[in-house]
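I wrote them in the order in which I looked things up.

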Amino acid sequence: MEETRPFTSRPARWESVIAIAYIPVHIYLLPRLLVRTAGQSLDAVSLNVVCYVIAALLLLFCMRRFLFRDFNALCDYGPGVLVELLRFYGLLLLGNLAVNLALMALGFTSNPNNETIYGFAGDELGKTAAMAVFLAPIAEELMFRAGLFGTLRHYNRIAAYAVSMALFAVYHVWSFALTDARAWVYVLQYLPAGFLLARIYEKTDSIWGSIFLHMTVNGVSMLIVSQLGAYL
């Protein structure tokens, strides 16, 4: 990977600590706390929405100075950021296609995380779309890209890519793999996104580049799901 411009984006140390430390809270501790306290009053869709609302609001507040600096950096990048978003979205589609074809050839056709999201959309399209298009990109990019990649990138570029990609992929499948070890293979489906989200962050020198790409990917997916639902 050839660097095209210096990478200067980096949260303050305390911002990085919060972003990284919140990963296990978001993945494991908060959902279980909500289940214990709210019981049956929260369905699965609402539980996930609440988790992402808390994560997004907390990280937006704690990392607001970093986000403001990086938004200025994105503005400095200029209109070319739109070209980059389209280019990286196209690369992501190609990467996903290659991985999906390989998995289909091996007999793996149903990603349990995607199936869960589609089920949520069928039950509560509005809540699911808000979570997928706005809340998840903010929370996940601040945790995995700003927190992990942005911190490690200043020490070791290869480690930054490897760690952020691996944990981002595992994050999406681990809960399903606990009951079915075959689900670990779907980690492969998240590696293209993990790489390209980190790469656009690096290239634009702004976390907003990866946030907007993540929003675009999830937004198009939700649009397709909503259109399919209208014809079923």
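Is Arg 157 buried or exposed? I looked up its relative accessible area, which is 17%. The cut-off for buried is under 20%, so Arg 157 counts as buried. I note here that the model is a predicted one.

**Entry: partners of Glu 202**

I next looked for what Arg 157 pairs with. Its side chain meets that of Glu 202 in a salt bridge, at 2.7 Å from N to O. Glu 202 sits in helix H8 and Arg 157 in helix H7, and the pair links parts of the chain 45 residues apart.

I then checked Glu 202 for a further partner. Glu 202 also forms a salt bridge with Arg 153, and here the closest N and O atoms are 2.6 Å apart. Arg 153 lies in the loop between helix H6 (125-152) and helix H7 (157-177), while Glu 202 is in helix H8, so this pair ties together parts that are 49 residues apart in sequence.

I looked up accessibility for these two as well. Glu 202 has 3% relative accessibility and counts as buried. Arg 153, with a relative accessible area of 10%, is buried too.

Which residues do the shared partners join into one network? I found Arg 153, Arg 157, Arg 199 and Glu 202 joined by salt bridges.

**Entry: Lys 203 and Glu 84**

I moved on to Lys 203. Its side chain forms a salt bridge with Glu 84, with 3.9 Å from N to O. Why does this pair tie together parts that are 119 residues apart in sequence? Lys 203 belongs to helix H8 (residues 191-204) and Glu 84 to helix H4 (residues 80-105), so the bridge spans that separation.

Both ends are buried by their values: Lys 203 has 12% relative accessibility, and Glu 84 has 9%.

For the total, I noted 7 salt bridges.

**Entry: Asp 205**

Where does Asp 205 lie? I placed it in the loop between H8 and helix H9 (207-231). At 5% relative accessibility, Asp 205 counts as buried.

I also looked up its backbone angle. Asp 205 is not a glycine, yet its phi is positive, about 60°.

Technical notes: Residues numbered from 1 in each chain as written. Predicted model: local features only at pLDDT ≥ 70, side-chain atom pairs only at ≥ 80, totals over all residues. Heavy atoms only, no water. Salt bridge = Lys/Arg side-chain N within 4 Å of Asp/Glu carboxyl O. Helix = DSSP H or I, 4+ residues; strand = E, 2+ residues; numbered from the N terminus. Buried < 20%, exposed > 50% of the residue type's maximum accessible area, 1.4 Å probe, protein only.
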